[in-house]
Amino acid sequence: MNRIRAIVVIGVLALTAGASPALASAPTVRVGGGSGIVFGKGKPVPATGATWCTITTIGHDRAGELVGLTNAHCFYGEDNKPVLGDKVYYNKTPAGTAAQPAKTSETDLETGVIGTVVHVSASNPVGSPTNPGLDYSVIKFDKAKVVPTATVGALTIKGIGSPPTPGTRMCKQGQTTGLTCGFMISTSGVYFGHTIWEGPGDSGSPVVLDGKLIGNQWAAGLSTSMNAIVADMDKRGEAGAGFTPVAP
């Protein structure tokens, strides 16, 4: 009996020892405002060359869900309708710079799907002139795969603020052109204009002033006020309501 028991114990220990490394090495990625994501708009996502955008910010809503934001127009399909439920992957390609923009994407297939798109607003006044919206989408992230961070590149988000007065210098962090800065020009309702450059794939980039997230960039020189986006999420009362960015 003792011999049988010993064999059973050894077998259990062997199985446990074999399982532990796999659990310990489960892949995770750090995601924050300025991180790159890739997706397929309902289609399979290739290993390289997938469509990409930039995360505006990441944090928790009042339900305790880990959520992130980017532009809505990232998830509009060929029929110009939003693709809800689209699966999101991490973009492994290093961020580019204004002088050397990122040319392609590399899908992190090892980590796999890290989030699902749960809300897509109407697009911006350029993309949807007859029915303009705030141009933001909400992504619910997998807490087992995503480690939220307030810092990406040289930019750290410490809270949410309002667009400043004209002439104020501010910056954005994007997947395609990295950190670029410019000056505030003017506001028009929930939108504001500035001189910050961006390229394709920078859509959703956080615009930050003194550590405060003031908007999401959806075109070169154009953004939506973050205060307006937060207010809309609270009004909807669904995913993203009560949003608080992750602390540094």
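1. Helices (H or I, at least four residues) and strands (E, at least two) are DSSP runs, numbered from the N terminus.

2. This is a predicted model, in which local features need pLDDT of at least 70, side-chain atom pairs count only at pLDDT 80 or more, and totals for chains, interfaces and linings use all residues. Residues are numbered from 1 along each chain as its sequence is written, and side-chain values use heavy atoms, with hydrogens and water left out.

3. Eight strands form an open antiparallel sheet, ordered E3-E2-E6-E7-E8-E5-E4-E19. E3 (51-54) and E19 (244-245) are the edges; each has a single partner strand, so one side of each lacks a neighbour in the sheet. Two strands pair if DSSP finds at least two bridges between them.

4. Gly59 has Pro245 of E19 as its bridge partner.

5. Next, E13 (residues 169-174) and E14 (residues 178-188). They run antiparallel, with six bridges between them. A hairpin of three residues links the two. Arg169 stands opposite Phe183 in E14.

6. E14 also pairs with E15 (residues 191-194), antiparallel, over four bridges. Ser188 is bridged to Tyr191 in E15. Two residues separate the strands in this hairpin, where Gly189 takes a positive phi near 65 degrees.
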